[in-house]
Amino acid sequence: MDFGGLALDLTQLDAPLPIWRVSSRAEDWSETALLVAESGGRLVSLWASDRRQGASGSFTVSAAYATSSGLLCFELPLDGAHMSYPSLAGIFPCALRMQRAIADLHGLVAEGAEDTRPWFNHGAWPEDRFPLRRDFDGAESFPACQVRDYLFVRVAGDGVHEIPVGPVHAGIIEPGHFRFSVVGEKVLRLEERLGYTHKGIEKRFESLPAQAGYRLAGRVSGDATVAYAWAYCMALEGAVGGNAPERARWLRAMLLERERIANHLGDLGALGNDAAFAFGLTHFMRLKEDWLRLNKRLFGHRFAMDRIVPGGVALDVDAPGAAWVVEQCDAVEREVRTLRRIYDDHAGLQDRFVTTGRVTPALAKELGLTGLAGRASGFGHDLRADLPMSPYAELQVRKASHSNGDVAARVFVRFEEILESLRLIREIVTALPPGEVLAPLPSLEEDGFGIGWVESWRGEVLVALETEGERIRRCHCHDPSWQNWPVLEHAVMGNIVPDFPLINKSFNLSYSGHDL
Amino acid sequence: MWKTLIQIVKVGLPAEAPPVLPAADAGEARRIEAEVLAVLGRALTIREVDAGSCNGCELEVHAVNNVYYNLEGYGIKFVASPRHADMLLVTGPGARNMAVALKRTYDATPAPKLVLAVGDCTRDGGIFGETYASAGGVGGIVPVDRFVSGCPPEPIEILRGILAAVKAGQQRRDV
Ligand code: SF4
């Protein structure tokens, strides 16, 4: 295939979406990135694998790019003693932290990167040991290691002071550290420090049989458990050449849309609360609870954890179940429309939402903002609409979009997406194709490779899986929060400190999904 | 404003609705309330600390704060600072990067402090195990009064766990 002037020897992967893989030379690495950027593509994920095997094999760095014709997985094998690769951060700024993570976990250095501070290694393991190398034993630990200091960027000037927040926050949220440099109430700069929830998920995968990895994938970020389990199963099914039956694919989509609605409901409530409108929290959380209870009743788990399994799903919906689902969708739609009118008419709430935490379309494009936040900033991609696989192709997803990029726009997108997902769920359960929900996968004999790519409620998640017989050799999970965390630093600039929780919640990024 | 009021009136008091607890447990809510008061004689304040969870447990800790479970009605309240807390509610496998923060939060909590560890991974690391990055449970970082099983435990289990920890703490002090 000719890719923007580069003749690439692409292999199409076995996947329900167009995904291409190519192994290439060092000289094409940066040029490909530039071509992708120029043609409007974006960097989805960047990761490394240790493919050394005795004297053969090598470290490989992989970049996954989203282009208009699909996903391009571009692999760069590093030769021999070469422990570095050209930095992509000059072309795709979101690559910076991913490169810092690769340095911590693989000991591979990005040449020319400005920021080389450790990212995940806060001091829990020695700086010269790299957990994702093959020779690192997963059970090894280093109790004698001490937390190391971290050099935050200092802002100097008259009247500037710092507010350190976290890692333990005031609410019921995940841990991370925020360093605000402020003048009076105004935020000049925010610097995030993440990695506190790093628990070695990717190393843990290496001790699991490939058939069992979906459970761990479903706990990369609990609020997106369905999206991750689906992405993992898609990757595994691609690696072994298996396929989930049609009915299972429809049921997976139903679960994904239910997950989207559950999270949007919770966040819309929390957004009201953060703007001192506790009524919103009370009512949206009530709807969310009803929603989760029906999950429990129908699927046996409130978040449908472990219900998407390799080869299909571990649930089914019968006629009475479908009727309950439709009935609940109708009821939730009525209530959401009422609550939306209340939000829209509430002057105090709108005063807090409008113009707050703005990310302009130009900035969104430059920094690669993704998911619902991207769609609220006029940088709207949504895999369900752009590269629809079954059943989304039949369902014709209407993509929500707004261009103001403020908290109000993200609220708008969430309301729109709830209504659209309610429509999708109703259509799915009324048009469920008949048949099996599970088709056992062929057994794994040779080495396999597969990619899963799914539009979670937050944005696109990606799972890249390398198998070795029945076992996992490498499993990389990517959360859209990688792209959006750095943009949050820009979104709060010039806002007042008390608006930070509101802005933060309007994105609601994952710590665990990022920290792994 | 009137729309807000109409909605409030229309929805009424969901905390009284029957699906709050399974039929067999009817009356348990009242019992929890009575016991919290009997044991503590006042409200119970809780500070939550995520020690590396997947955030699934946080979803349920949020849920236990929704109107159905009527938490504040029992005199149980989540607070923003460990210095205001009687109990730490800890989740996650004990990410090593969180060990110092968790320990310091514990130290900042006034005695007598209770620790409730919520979720399978707080016990032994659960699905994350014990690795270079996970301590394999939070018990090695802070003393735990009570564990709540589940991945994630449902809100009603968290509520039961809170009560059990209060009782366990009471017995610990009595001896
Ligand atoms: S117990 Fe389960 S849901 Fe809770 S943090 Fe651990 S893995 Fe996530």
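## Around A:Arg51

Leaving aside its neighbours within four places in sequence, A:Arg51 is in contact with A:Arg21, A:Ser56, A:Gly57, A:Ser58, A:Phe59, A:Thr60, A:Ser62, A:Glu75, A:Phe449, A:Glu466 and A:Arg473. As you look around this spot, keep in mind that the model is predicted.

A:Arg51 sits in the loop between S5 and S6 of chain A. With a relative accessible area of 16%, which is under the 20% cut-off, A:Arg51 counts as buried. Its side chain also makes a polar contact with the side chain of A:Glu466, at 2.9 Å.

## The sheet in chain A

Let's step out to the strands on either side of that loop. In chain A, 5 strands make up an open sheet with mixed pairing, ordered S3-S4-S7-S6-S5. Strand S3 (11-12) and strand S5 (42-50) are at the edges with a single partner strand each, so one side of each is left without a neighbour in the sheet.

Strands S4 (residues 19-23) and S7 (residues 70-77) of chain A run parallel and are joined by 5 bridges; here A:Val22 stands opposite A:Phe74. Helix H2 (residues 95-106) of chain A lies across S5 and strand S6 (59-67), running at about 5° to S5(A).

## The ligand site

Which chains share the ligand site? Residues from chains A and B surround the ligand, so the site is shared between them.

How values were computed. Residues are numbered from 1 along each chain as its sequence is written. Chains are lettered from A and ligands numbered from 1 in the order in which they are written. This is a predicted model: local features need pLDDT of at least 70, side-chain atom pairs count only at pLDDT 80 or more; totals for chains, interfaces and linings use all residues. Side-chain values use heavy atoms; hydrogens and water are left out. A residue is near a molecule or strand if one of its heavy atoms lies within 4 Å of it. Two strands pair if DSSP finds at least two bridges between them. Helices (H or I, at least four residues) and strands (E, at least two) are DSSP runs, numbered from the N terminus. Contact means heavy atoms within 4.5 Å. Axes are lines fitted to C-alpha atoms, for helices over the stretch in contact, and angles run from 0 to 180 degrees between N-to-C directions. Buried means under 20% relative accessible area, exposed over 50%, partly exposed in between (1.4 Å probe, protein chains only). A polar contact is a pair of N or O atoms within 3.5 Å; within protein, one must be able to donate a hydrogen and the other to accept it, and residues adjacent in sequence count only if both atoms are side-chain atoms.
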